[in-house]
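Colleague: I have a few questions about the terms used for this model. Could you take me through them?

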Amino acid sequence: MAMKTKLILAMSLSLALVSCSDSDDSGKNGVADKIELQPSQELVITSQNSKAIDMLGYFSARRNDNFMLSPMSMNFALGLAANGAAGTTLNQICTATGADNLQSLNDLSVKLIKDMPRLDRKVKMEIANSIWLNDGFEALPAYVNAVEENYDADSRTLDLSSTSAMNAINNWCSKHTDKMIPQLLQEPLAPGMEMMIINALCFKGEWAVKFDKKNTKEDLFTNADGSQSRVMMMNGAIGNKIKVAEKYSMFRMDYGAGAYSMTVILPNAGENLADVISSFSASDFVAWQNSNNRGEIKVSFPRFEFDTNEILNDYLQSQGVSEMFTSGADFSGLSASPVKVNKVKQVTRIEVDEDGTKAAAVTSTEFDSAMPVESYEMVVNRPFAFIIAEQSTGAVIFLGQVKQL
């Protein structure tokens with residue numbers, strides 16, 4: 001039997017929600033545009049959002065530290081791989097990305113890549129894709145054409161085990177994550193790695209209503225282990241939507257003209273964050289997005305920043321994506337040479353301050369009903385979860401938790 005060479009899928013994500021001077025014709029006069037989806041695209045994104053909430057629960061149950069991940073970037077990178085897959089390998093990838101078939105996955109990807117960057121002139125949303133081929137490894141022309149057409153992916157050929165290739169890949173990631181992820185690779189790739197697929201997301205925006213820096217004061221944050229940390233707590237009436245449940249509260253803070261938002265899930269005092277998240281379902285999130293419980297919300301929210309480096313192999317296998325990691329992987333639509341995925345890795349960074357949120361991520365894969373409210377005060381001085389999403393579709397871009405500051 002022919003030896004399987006190794007394929008690397010790399011997802012590079014950058015989220016930066018900060019003051020942004022870039023402008024175009026979108027979101028004129030402070031009004032955000034919307035993404036109009038076809039029924040088939042709505043089905044895929046609804047499934048993806050459901051899986052995103054499950055992803056939050058999966059990692060919250062296994063990690064007792066801060067993390068941020070991007071289900072959207074993972075889906076783009078898997079979509080790039082799916083275009084070269086066949087048989088069970090393809091079916092497993094499609095199922096994990098919420099699609100019945102490759103065409104429906106590609107159709108949604110094309111729509112998001114085209115529309116998301118132009119929704120809001122106060123938010124910069126960049127989506128970039130690339131494929132990196134090792135010298136002597138040939139990708140089928142049909143595959144290269146498919147990822148160029150559906151994912152606007154660049155393709156480059158070089159000696160992937162060389163230092164110059166490592167530098168080129170890192171420079172690409174740095175460029176497309178606004179320098180927040182300057183190093184996807186700390187050392188050259190090992191010989192035998194024949195291809196790397198990279199998706200990069202860069203998201204920059206400002207809070208729709210900024211925190212006044214004059215109101216930021218030192219305060220205490222109670223960590224998951226019961227210890228307390230002194231943090232700089234921002235204060236302001238910037239929340240605009242709220243839900244109060246039995247064990248937790250949720251509130252939303254918008255960015256720019258409102259095309260994008262952060263939802264904060266804050267357990268009630270004495271409740272465990274992982275337990276709250278495990279009971280939080282996709283239907284809860286949909287109901288939250290569709291509800292209209294608005295009012296003035298006075299928010300106390302900590303400044304924070306952190307990095308995440310996560311291997312997604314185990315998570316993907318728990319979602320039924322197993323064959324692509326084995327010698328039985330079928331990437332016959334990618335190359336005449338047999339390949340399998342070696343590793344799926346995601347690196348992220350997030351920074352939150354009075355102006356907004358700044359975050360970046362790189363993923364690498366080797367081949368309710370609530371009572372109406374008028375005024376609320378939300379003091380985020382204990383562990384919480386967050387979800388950053390596009391409003392018109394509900395598409396989840398980033399999600400994570402903060403357990404220690």
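Colleague: Why does glutamine 48 count as buried?

Modeller: Glutamine 48 has 11% relative accessibility. Buried means under 20% relative accessible area, exposed over 50%, partly exposed in between (1.4 Å probe, protein chains only). So glutamine 48 counts as buried. A caution: this is a predicted model, where local features need pLDDT of at least 70, side-chain atom pairs count only at pLDDT 80 or more, and totals for chains, interfaces and linings use all residues. Residues are numbered from 1 along each chain as its sequence is written, and side-chain values use heavy atoms, without hydrogens and water.

Colleague: Which residues is glutamine 48 in contact with, leaving aside neighbours within four places in sequence?

Modeller: Asn75, Thr97, Gly98, Leu105 and Leu108. Contact means heavy atoms within 4.5 Å.

Colleague: Where is glutamine 48 found?

Modeller: In helix α1, residues 39-62. Helices (H or I, at least four residues) and strands (E, at least two) are DSSP runs, numbered from the N terminus.

Colleague: What makes β2 and β8 edge strands?

Modeller: The open sheet has six strands in the order β2-β17-β16-β10-β9-β8, with antiparallel pairing. β2 (67-69) and β8 (241-244) each pair on one side only. Two strands pair if DSSP finds at least two bridges between them.

Colleague: How many bridges join β10 to β16?

Modeller: Six, between residues 260-267 and residues 384-390, and the two strands run antiparallel.

Colleague: Which strands does α1 touch?

Modeller: α1 packs on the sheet and touches β2, β16 and β17 (396-402).

Terms used:
Axes fitted to C-alpha atoms, helices over the stretch in contact; angles between N-to-C directions.
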